[in-house]
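Please walk through this structure with me, one chain at a time. Keep the sequence and the 3D view side by side.

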Amino acid sequence: MDTREPVIVIEDLCKTFGNNVVLDHFNLTLYRGENLVVLGKSGSGKSVLIKCIIGLLRPDSGRIEVLGENVPDLNYHDLDLLRAKVGFLFQSNALYDSMTVRENLEFPLRRHWLQVEQKEVDMMVMEVLEHVGLAHTVDMMPAELSGGMRKRIALARTLILKPAIMLYDEPTTGLDPITGMEIIELIKQVQQQYQTSALVISHDMVLAETASERIAMLIEGKCYATGPYAELKTSTDPKIQAFFI
Amino acid sequence: MARFTARFFREAFHPRYEFSELIRQCFIIGYKSLSLVGLTAFIMGLVLTMQLRPSMVRYGVEAEIPAMVGISIIREIGPIITALIFAGKIGSSIGAELGSMRVTEQIDAMEVSGTNPFKYLVVTRTVAATLMLPVLVILADAIALYGSYLGVNIYEILSFKLFYTLVIDNLGYYDVIPAIIKTFFFGFAVGIVGCFKGYYSSKGTEGVGRSANSAVVMASVFIFILDLLAVQITELVWNL
Ligand SMILES: Nc1ncnc2c1ncn2[C@@H]1O[C@H](COP(=O)(O)OP(=O)(O)OP(=O)(O)O)[C@@H](O)[C@H]1O
Ligand SMILES: [Mg+2]
């Protein structure tokens, strides 16, 4: 077993919408400093899983321990404190389109850290923007940016709080392969530079191969298999093989 | 919808208060509707005067035109027309804005950024709409009366001062105060309906259009219902 300290522990997570059983006794552990990719088909409940982790959706039952706290039990205030330590990259980026890039980046800073000087804010904004290579877009509106740029700005917005855990919801979906590669490089770089643990949700095999230490397969609401890419690739189970063709 | 309104009151009176966003919304909401409200109010006053004139002349009471127009504008036409324009302009824009924020997960993003989206988006916009509509109505009343003054002057010479005196002398608190009070409720209806429709917008881009559209329809219906209630309540209260 892994000797590293777990940062996210999910036990027997269940979530249904009406008659639609999305997650059915799902179990998963994310260890400190690790990049874990959760693979699953479209509509298999990947976004639902990640939204349960951050507390946007309430699970029907099960435990979700993030940094030692059970998310469904937290009150609004404690949940906010926890969310300041967890970065979430939305599938649709979710940039505020009425705000400039600068205001988008300032928003989580000002909201989570109430007392912070403008000079410091400006510095941090420029620092993360340079990190994602988009310092020149600081005064542009999100609508003026390309899809890949928007993804990088959204990533910068979550990085600005220097989170201990990053949750990525399909970071490469909808991007061309080259831009996708750039995002993958960025994810790896983030992990090394900020020492974050990352949970990446995807159905992109390139991402799973290049950016993961471990893969978990979400099939029919359960964590069907986990293991390194190479190990799963040689599996003879047809449900696992289906991902590799 | 009732639960949404109850939640509004629960959240509106608890910290943290989003004052700077509230001020910004007041400015946006007021400024956005200003020119449209002004233009329609002016035409309304002018046309109303010109339309009334033939009948008034027939009965030989054209001297009563300012009083008559003043009463109709202040008591009913000013508030209701302004509120309906407000519903069309602001109700739809709130519905569309929150709707698109919902479908592109911006509302979720706010929530994970340490912000209560209900307070930040819904409470501020609803309060701003409640506060700004009365201001717009007072402005619209004034502009409509000016339009009416010009309408009178097409046919006869009447000094502005005299026109003004004729209007004011005919107005009592009974005419003005209930008319202003009801506009707060109209504004509230526009704000809360727009937010409700946007906040629970269904997925997809056509959901956004539907939110904006049904926000206008529902808000307009509410305005008429509230107007009807206002007449009844005013009479009741005044006769106590
Ligand atoms: N708020 C909701 N209400 C009802 N059903 C929902 C809701 N959110 C998700 N679902 C259902 O849960 C299932 C999983 O959705 P989810 O968005 O997690 O898929 P996904 O794995 O992220 O797919 P994709 O790769 O397309 O993003 C779908 O069948 C969807 O209909
Ligand atoms: Mg998804």
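The model is predicted.

Start with the sheet in chain A. Four strands make it up, and the sheet is open. Read across, the order is β2-β1-β4-β5. The strands pair in antiparallel fashion. Two strands stand at the edges: β2 of chain A, residues 20–31, and β5 of chain A, residues 69–70. Each has a single partner strand, so one of its sides has no neighbour in the sheet.

Now look at one pairing inside that order. Strand β1 of chain A covers residues 6–17, and strand β4 of chain A covers residues 61–66. Five bridges join these antiparallel strands.

Helix α1 of chain A, residues 46–53, lies across β1, β2 and β4 of chain A. Its direction makes an angle of about 120° with β1(A).

Next, the loops of chain A. Two residues there are worth a stop. A:Leu67 sits in the loop between β4 and β5 of chain A. Its phi is positive, near 50°, although the residue is not glycine. Is A:Leu67 buried or exposed, or something in between? A:Leu67 is partly exposed, because its relative accessible area is 27% and burial requires a value under 20%.

A:Ala94 also has a positive phi, near 55°, and is likewise a residue other than glycine. Its loop runs between β6 (86–89) and α3 (101–112) of chain A. A:Ala94 has a relative accessible area of 0%, so this residue counts as buried.

Move on to chain B. Which elements does chain B contain, and how many? There are eight helices and zero strands. From the N terminus, the run of elements is therefore α-α-α-α-α-α-α-α. The C-alpha atoms of chain B fill a box of roughly 70 × 40 × 30 Å along the principal axes.

Of the 240 residues in chain B, 50% are buried. Consider contacts in chain B with a separation of 6 or more: 84% of them link residues 24 or more positions apart. Chain B carries 18 positive and 17 negative charges, and their mean positions lie 7 Å apart.

One backbone detail remains. B:Pro15 and B:Arg16 are joined by a cis peptide bond, with omega about 5°. B:Arg16 belongs to the loop between α1 (2–12) and α2 (19–58) of chain B.

Conventions. Residues are numbered from 1 along each chain as its sequence is written. Chains are lettered from A and ligands numbered from 1 in the order in which they are written. This is a predicted model: local features need pLDDT of at least 70, side-chain atom pairs count only at pLDDT 80 or more; totals for chains, interfaces and linings use all residues. Side-chain values use heavy atoms; hydrogens and water are left out. Two strands pair if DSSP finds at least two bridges between them. Contact means heavy atoms within 4.5 Å. Axes are lines fitted to C-alpha atoms, for helices over the stretch in contact, and angles run from 0 to 180 degrees between N-to-C directions. Buried means under 20% relative accessible area, exposed over 50%, partly exposed in between (1.4 Å probe, protein chains only). Lys and Arg count as positive and Asp and Glu as negative; His and the chain ends are not counted. The place of a charge is taken as NZ of Lys, CZ of Arg, CG of Asp or CD of Glu.
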